[in-house]
Amino acid sequence: MRGGAMRLSTRIALAVGVSVPLLVLASGWLLLRLVTDDLRAHQNAQLRARATVVAKNAKAFLEVAGADRPVMEQARQRRLVNSARDVGIRLTAPGGTVSAGPQPDPFPSLPRNAPKPVTVTSGDTEWLVLSLRVGAAKQGTTPNLWLFSPDTAEDELSLVRQRVVFGALLAAPLAGATTWAIATRAVLPLRRLQRRTSGLDPRTSAVRLEHTPTRIGEVDDLAYTLQTVLARYDEQVERTGEALATARAFAATASHELRTPLMSMRTNIDILTDHPDLDPVDRAEVVEDLGREHTRLLGLLVMLRALAQGDLVEADAFASLDLAEVLDASVSDLRRTHPDAEVSVRTTPGLLVHGWEEGLRSAVDNLLANAWTHGRATDGTAPIEVTLRHSGDPRQPLAVLTVDDHGPGIPPERREEIFQRFRRGPESPGSGLGLTLVAQQIALHRGRITVRDRPDGRPGARFEVRLPVTGVRDVESTLPLLRRDWLTGRHALPR
């Protein structure tokens with residue numbers, strides 16, 4: 001634990017230790033309000049019930065008071081006093097005032113009209129007072145009967161307050177200690193995970209996090225996140241290494257392969273410079289040779305760049321593509337650049353593949369260019385038949401692209417060799433990378449490319465490409481990219 005940092009279990013214990021007393025006090029305050037209302041209502045109900053009985057006896061007493069009936073007067077006064085029991089009474093009668101039971105001392109000013117119990121203070125004591133009109137005073141304006149009851153609710157409420165405060169003070173340390181113990185136990189899986197990850201340094205060690213599920217969602221999610229971060233770090237390190245290897249391979253390959261055409265161009269330039277009076281026929285031949293070497297040089301750079309892009313492309317460059325649209329664009333481009341090309345196309349629309357558009361377009365372009373360059377018939381024409389169809393297998397749906405030419409064909413022993421880098425025939429004007437680029441892109445798209453004879457028995461070769469088809473509902477799915485090292489020369493040839 002770093003200096004100044006507080007453990008999670010301690011933070012939880014402090015938070016609970018502070019919040020629990022506050023909750024106890026809040027609950028106690030609410031309880032006190034409810035108890036206060038209940039006690040007041042109970043006392044008022046008792047006083048009103050006692051007032052009903054006392055008022056009846058007080059009325060009977062007033063009927064005989066001052067009527068020269070001393071025996072009845074004394075008997076009814078005794079009944080009045082006995083009916084008061086634990087409450088005090090004060091009755092104004094014609095012969096004087098009758099008092100009984102507990103009375104306020106000093107005697108306060110009595111309310112003139114209190115048909116409901118009211119609270120008055122006498123010294124340090126609070127009393128509940130109820131006033132009524134009985135007997136002859138009913139027609140007057142002044143009450144003549146008061147009932148007194150000591151307000152005992154305050155003592156009971158004071159006891160409740162003390163217990164609430166005591167409970168809050170007691171709950172603070174107990175809740176903090178209990179929570180600390182529980183939290184310490186609960187964060188043990190997190191502390192174990194912290195100990196396992198504290199020694200991991202992806203820059204210096206290949207050791208990675210091994211995590212056994214704890215059934216604690218947060219801990220397992222954190223471990224999974226750490227494993228994902230480390231895995232992505234490894235992927236990025238590997239991709240950086242691949243990018244460096246690709247850059248070195250690009251520089252080395254370009255340096256090696258460009259040396260010959262550049263030297264040839266230098267020789268031709270020297271001839272033109274040293275012999276300004278060169279025969280026009282020879283000069284035209286030298287210039288034509290310069291043009292061929294320049295075209296070869298430019299084509300080689302373009303192919304090397306395309307191979308490097310294929311080795312460095314990322315998964316987010318892939319999207320849902322209609323292969324028929326890619327094919328139509330390539331055929332249109334071939335017809336524009338080579339007006340003498342005879343291309344017949346049969347396509348099935350709606351064949352969606354998850355692919356990199358630039359890479360697939362480059363692969364199809366090179367397949368068509370290879371057929372136009374090497375697939376010429378004996379009469380010099382270069383008819384090309386292109387077909388795009390569905391494989392018809394519902395278990396493993398594939399898009400099948402075939403390119404048939406009318407050239408001499410490719411012997412079986414050379415059908416894998418032609419996909420290797422810089423393998424070209426003696427009369428080939430290309431860079432020897434076109435079919436390598438095709439194989440790279442087909443492998444990158446989880447496909448397969450094969451070379452065979454034409455199925456109709458006529459001279460020529462058939463290049464057949466099979467690519468996995470995506471459904472309409474899952475066109476947004478992504479695939480992890482295969483290892484890409486075509487430019488560095490460590491790849492496996494398509495089968």
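Biologist: Is Thr470 buried or exposed?

Modeller: The general idea is a cut-off on relative accessible area: buried means under 20%, exposed over 50%, and partly exposed in between, with a 1.4 Å probe and protein chains only. Thr470 has a relative accessible area of 16% and is therefore buried. This residue lies in the segment after E12. Thr470 and Leu398 are 72 residues apart in sequence, yet 8.7 Å apart in space, C-alpha to C-alpha.

Biologist: Before we proceed, what kind of model is this, and how are residues counted?

Modeller: It is a predicted model, in which local features need pLDDT of at least 70, side-chain atom pairs count only at pLDDT 80 or more, and totals for chains, interfaces and linings use all residues. Residues are numbered from 1 along each chain as its sequence is written, and side-chain values use heavy atoms, with hydrogens and water left out.

Biologist: How many helices and strands are there in the chain?

Modeller: Helices (H or I, at least four residues) and strands (E, at least two) are DSSP runs, numbered from the N terminus. The chain holds nine helices and 12 strands. Of its 495 residues, 37% are buried.

Biologist: How much accessible surface does the chain have?

Modeller: Such areas come from the Shrake-Rupley method with a 1.4 Å probe; for residues, only the protein chains shown count as cover. For this chain the accessible surface comes to about 29,100 Å², and carbon and sulfur atoms account for 56% of that.

Biologist: What share of the contacts joins residues at least 24 apart?

Modeller: A contact means heavy atoms within 4.5 Å. Taking contacts between residues at least 6 apart in sequence, 65% join residues at least 24 apart.

Biologist: In what order do the strands of the antiparallel open sheet lie?

Modeller: Two strands pair if DSSP finds at least two bridges between them. Here five strands form an open sheet in the order E2-E1-E5-E4-E3, with antiparallel pairing. Its edge strands, each pairing on one side only, are E2 (96-100) and E3 (118-122). From one strand to the next, the twist averages 25 degrees.

Biologist: Which residues stand opposite Leu91?

Modeller: Leu91 stands opposite Val98 in E2 and opposite Leu145 in E5. Strand E1 (residues 88-93) pairs with E2 in the antiparallel sense over five bridges, and the two form a hairpin with two residues between them. Four bridges join E1 to E5 (residues 145-150), again in antiparallel fashion.

Biologist: What is the order of the open sheet with mixed pairing?

Modeller: That sheet has five strands in the order E7-E9-E10-E12-E11. Strands E7 (342-346) and E11 (448-453) are at the edges, each pairing on one side only. The average twist is 15 degrees from one strand to the next. Within the sheet, E10 (residues 398-404) and E12 (residues 461-468) pair in the antiparallel sense over seven bridges. Leu398 has Pro468 as its bridge partner in E12.

Biologist: Which helix lies across E7, E9, E10 and E12?

Modeller: Angles run from 0 to 180 degrees between N-to-C directions, and axes are lines fitted to C-alpha atoms, for helices over the stretch in contact. Helix H7 (residues 323-337) lies across these strands, running at about 170 degrees to E7.

Biologist: How does H7 meet H8?

Modeller: Angles under 35 degrees count as roughly parallel, over 145 as roughly antiparallel, 65 to 115 as roughly perpendicular, and the rest as oblique. The axes of H7 and H8 come within 9 Å and cross at roughly 45 degrees, so the two helices are oblique to each other. A crossing is right-handed if the near helix is turned clockwise from the far one by less than a right angle, and left-handed if anticlockwise; that of H7 and H8 is right-handed. Residues of H7 including Leu323, Val326 and Leu327 take part in this meeting, as do residues of H8 including Leu360, Val364 and Trp372.

Biologist: At what angle do H8 and H9 cross?

Modeller: The axes of H8 (residues 357-374) and H9 (residues 434-444) come within 9 Å and cross at roughly 140 degrees. These helices are therefore also oblique to each other, and the crossing is left-handed.

Biologist: How many residues of H9 are buried?

Modeller: H9 is mostly covered, with 10 of its 11 residues buried; among them are Thr436, Ala439 and Ile442. Just after H9, Arg446 takes a positive phi of about 60 degrees.
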